[in-house]
Amino acid sequence: MALTDTPARPATLSTRAIVAPGSTGRRRRSQGPVLWGLPSKIFTGALAIIFLYPLVWTGVASVSPQAGTSQVDGWGFANYAKLASFQSGIWVYLGNSLFVSLLTVALTLLVSFFGGYAFARFSFPGKNMLFLLVLAILMVPYATLLIPLYVILNAVGLQNSLVGVALVLTMFQLPFSMFMMRISFESVPRELDEAALVDGCTSFSALRRVLLPAVKPGLITVGLFAFLTAWNDFIAPLILINDQSKITLPLAVANLRGQTMGVIDYGVTEAGVVVLALPCIVLFLILQRHYVRGFMSGAFKG
């Protein structure tokens with residue numbers, strides 16, 4: 001059988017671009033998140049505008065000229081000047097709100113820290129039932145407990161007292177705070193406790209040096225919630241406080257609306273709303289990162 005040589009085919013140059021395998025798929029996959037992310041960004045931006053618009057409008061209206069307000073001609077801070085001299089003075093009400101808020105935060109952090117540690121690390125009879133009883137406070141309407149609490153505080157001499165208001169607000173913060181701190185402690189591996197004890201730490205020393213830094217995001221979240229609740233609470237000071245010089249800032253802002261002959265100075269009221277909201281906004285922006293980490297502390301347990 002004879003072998004024949006076939007003529008070699010001349011080489012030709014191709015003008016078609018060489019495409020790496022799989023590059024088209026990668027391009028399509030990279031465009032997918034962009035196309036899907038655009039509607040979410042639009043929706044998120046629309047929600048931000050909806051929530052921020054009333055606050056921005058209030059801030060602008062508090063310094064803009066309006067008929068029937070203290071700021072009639074030009075832009076300025078005449079509404080804030082009138083707010084500063086309202087009744088006992090805005091600084092008195094700010095001090096009352098700050099005292100109640102800080103005391104509520106301190107008591108809430110103290111009780112929830114040790115309570116959450118006990119529920120997360122120790123086993124004792126009736127632990128789950130006791131925890132459910134703590135959470136059951138959330139099922140009781142807030143306003144229905146204020147009259148019995150008023151009678152109890154009056155019996156112990158804490159009625160018409162800022163300390164009594166702080167104790168009441170602490171009690172209503174404990175269910176959420178105890179739950180938050182329990183899941184924060186449970187998200188920390190027990191091996192850290194055991195390693196600290198092996199290294200010579202006592203139980204309290206291990207709690208202070210090892211567990212406290214680990215649950216710091218949860219503590220910040222609990223403290224932030226307690227501060228915002230105590231700072232903005234209206235009904236508890238309204239029921240428990242009788243002295244005009246001891247009312248908190250929300251009550252003072254509400255009293256601004258009770259003007260002579262039914263005429264309301266909306267400029268001063270808007271200035272009071274800005275003063276009331278500004279500390280909450282600043283505090284949330286500063287602690288936002290820890291706030292989010294606190295809520296995620298138990299999400300990846302184990």
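I started at Val273, which touches Thr58 and Val253 when residues up to four places away in sequence are not counted; contact here means heavy atoms within 4.5 Å. A note to myself on the source: this is a predicted model, where local features need pLDDT of at least 70 and side-chain atom pairs count only at pLDDT 80 or more, while totals for chains, interfaces and linings use all residues. Residues are numbered from 1 along each chain as its sequence is written, and side-chain values use heavy atoms, with hydrogens and water left out.

Val273 is found in helix H12 (helices are DSSP runs of H or I, at least four residues, numbered from the N terminus). Buried or exposed, or in between? I found Val273 partly exposed, with a relative accessible area of 33%; buried is under 20%, exposed over 50%, partly exposed in between, with a 1.4 Å probe and protein chains only. I also looked up its C-alpha separation from Leu249, 24 residues apart along the chain, and got 9.5 Å.

Ser97 is buried, at a relative accessible area of 1%. Leaving aside neighbours within four places in sequence, I listed Trp231, Thr248, Leu249 and Pro250 as the contacts of Ser97. A polar atom of the Ser97 side chain lies 2.7 Å from the backbone nitrogen of Leu249.

Next, the pockets. For these I kept the rule at hand: on a 1 Å grid over the protein atoms alone, a pocket is an open set of points where a 1.4 Å probe fits, with protein on both sides within 12 Å along at least five of seven lines, and lining residues have an atom within 4 Å of a point. A volume is the space filled by probe spheres set on the points.

How much space lies in the largest pocket? I noted about 290 Å³. Of its 11 lining residues, Leu228, Ala277, Cys280, Ile281 and Phe284 are the closest to its centre. Helix H9 (216-232) and helix H12 (266-295) each give two or more residues to this lining, and H12 gives the most, with 7. By class, I wrote down 10 nonpolar, 1 polar and no charged residues (Ala, Val, Leu, Ile, Met, Phe, Trp, Tyr, Cys and Pro count as nonpolar, Asp, Glu, Lys and Arg as charged, the others as polar).

The second largest pocket holds about 170 Å³ of space. Its lining includes Tyr117, Arg121, Arg190, Asp193, Glu194 and Leu211. H3, helix H7 (190-198) and helix H8 (203-214) each give two or more residues to it. This lining divides into 6 nonpolar, 1 polar and 4 charged residues.

Terms used
A polar contact is a pair of N or O atoms within 3.5 Å; within protein, one must be able to donate a hydrogen and the other to accept it, and residues adjacent in sequence count only if both atoms are side-chain atoms.
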